2 protein chains.
Amino acid sequence: MRCPLNPRPPSRLRGCLGVLGCVFCGIVSGSEPAWRVYEDDVVVVILDKYPVSKGHLLVITKKHYESIHDADPREALHAFAVAAALARVYRTKLGAPGVNVVTNSGRPAGQVIFHFHVHVIPRWSGGSFRWSSRHELTAEEAEEVIAELEPHLDGVKSYLRKAGLSAHI
Amino acid sequence: MRCPLNPRPPSRLRGCLGVLGCVFCGIVSGSEPAWRVYEDDVVVVILDKYPVSKGHLLVITKKHYESIHDADPREALHAFAVAAALARVYRTKLGAPGVNVVTNSGRPAGQVIFHFHVHVIPRWSGGSFRWSSRHELTAEEAEEVIAELEPHLDGVKSYLRKAGLSAHI
């Protein structure tokens, strides 16, 4: 699966993989590596490779849309529902005292990969929110986060049902 | 309508109105003033009194929930749908080159009013996102924003329909 090229990839950290296409489409198709947390017919959830905090997740639609402004409303809502369910897991099951659920649309809003995604960012302590304070995810951190989330992933499908949605198209 | 008291209102800017209850419940019931943009059976959309940028909106559930972690999934999704629709209006109709859609849950995540709400923040220019760079909304600015949004509000109901939702319960 290929998607339109990001015309101005700003850096390896931020952008798409040059002429090969969109890194998130590559993750969805399996041609690009990622730490996968959850998947259904509409979205894939991965660990952000450069997390703002431990457990920073990205809910990515399987189909390519640039951002919230052109995403199919049902698929966008599905992504928000999965993000909300994971936010609830962090707050009510894993003891996070805070969580941000964010989507950035357009470069002036801080969007750096032009494939629609919703960030779920648990906040383990206070302080200002800084996109610039990201570190590189290690295998050890990824495995820890996945082990913590895994027992609670049934909560995502249960949340979808309560929201009137289904994991299947 | 009254809702549980925020036990630690940090300031007039940030918090609830002391022992009288929650400022957003007051806005929903009409006992507190606000610049209203849109309303349906589930949410009210107002202009943020201390906007990060011109046109900063808050989508507030009519029922009181503390944040995304305890909000009813259908109502939370409805709020996200309205926020997504307004983000689309800003990007595709009003020329905003960026928009952030954000909900903060818990004090460490920057939540300051403990009644579930989703921010829609158009970004007219680049630069870091700073919650601290808010200014006080003037009547002139509010009237301008409402006049710009008004012709496009049919788009919200149309978006809800496409998302499989209704403006009515």
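Figure 1. B:V59 stands opposite B:V118 in β5(B), where two strands pair if DSSP finds at least two bridges between them. This is a predicted model, in which local features need pLDDT of at least 70 and side-chain atom pairs count only at pLDDT 80 or more, while totals for chains, interfaces and linings use all residues. Residues are numbered from 1 along each chain as its sequence is written, chains are lettered from A and ligands numbered from 1 in the order in which they are written, and side-chain values use heavy atoms, with hydrogens and water left out. Helices (H or I, at least four residues) and strands (E, at least two) are DSSP runs numbered from the N terminus. β3(B) and strand β5 (residues 117-123) of chain B are antiparallel, with 4 bridges. Strand β2 (residues 43-47) of chain B is also antiparallel to β3(B), through 5 bridges, and B:L47 has B:L57 as its bridge partner. Of the 5 residues in strand β3 (residues 57-61) of chain B, 5 are buried; buried means under 20% relative accessible area, exposed over 50%, and partly exposed in between (1.4 Å probe, protein chains only). B:L57, B:V59 and B:T61 point one way from the strand, and B:L58 and B:I60 point the other way.

Figure 2. Chain A has 4 helices and 5 strands, in the order α-β-β-β-α-β-β-α-α from the N terminus. Of its 169 residues, 55% are buried. In β3(A), 5 of 5 residues are buried. A:L57, A:V59 and A:T61 point to one side, and A:L58 and A:I60 to the other. A:L57 is the bridge partner of A:L47 and has A:V120 as its partner in β5(A). The pairing of β3(A) with strand β2 (residues 43-47) of chain A is antiparallel and has 5 bridges; that with strand β5 (residues 117-123) of chain A is antiparallel and has 4.

**Figure 3. The interface of chain A and chain B.** The contact (heavy atoms within 4.5 Å) takes 39 residues from chain A and 39 residues from chain B. About 3,000 Å² is buried between the two chains, 60% of it from carbon and sulfur atoms; buried area is the accessible area (1.4 Å probe) that two parts lose on being put together, summed over both. There are 16 residue pairs in polar contact between the chains, both residues at pLDDT 80 or more. On the side of chain A that touches chain B, α2 (73-92), β4 (98-105) and α4 (154-162) of chain A each supply at least two residues. The largest share, 11 residues, is from α2(A). A polar contact is a pair of N or O atoms within 3.5 Å; within protein, one must be able to donate a hydrogen and the other to accept it, and residues adjacent in sequence count only if both atoms are side-chain atoms. β4(A) pairs with strand β4 (residues 98-105) of chain B in the antiparallel sense over 7 bridges. In this pairing, A:T103 has B:V101 as its bridge partner.

**Figure 4. A:D70 in the loop between β3 and α2.** A:D70 lies in the loop between β3 (57-61) and α2 of chain A and is partly exposed, at 33% relative accessible area. Leaving out residues up to four places away in sequence, A:D70 touches A:Y65 and B:R88. A polar atom of the A:D70 side chain lies 2.9 Å from the backbone nitrogen of A:S67.

**Figure 5. Salt bridges within the chains.** A salt bridge is a side-chain nitrogen of Lys or Arg within 4 Å of a carboxyl oxygen of Asp or Glu. A:K62 forms a salt bridge with A:E39, with the closest N and O atoms 2.7 Å apart. A:K62 is in the loop between β3 and α2 of chain A and A:E39 is in strand β1 (residues 36-39) of chain A, 23 residues apart. A:E39 is partly exposed, at 38% relative accessible area. A:K54 and A:E148 form a salt bridge with closest N and O atoms 4.0 Å apart. A:K54 lies in the loop between β2 and β3 of chain A and A:E148 in helix α3 (residues 139-149) of chain A, so this pair ties together parts 94 residues apart in sequence.
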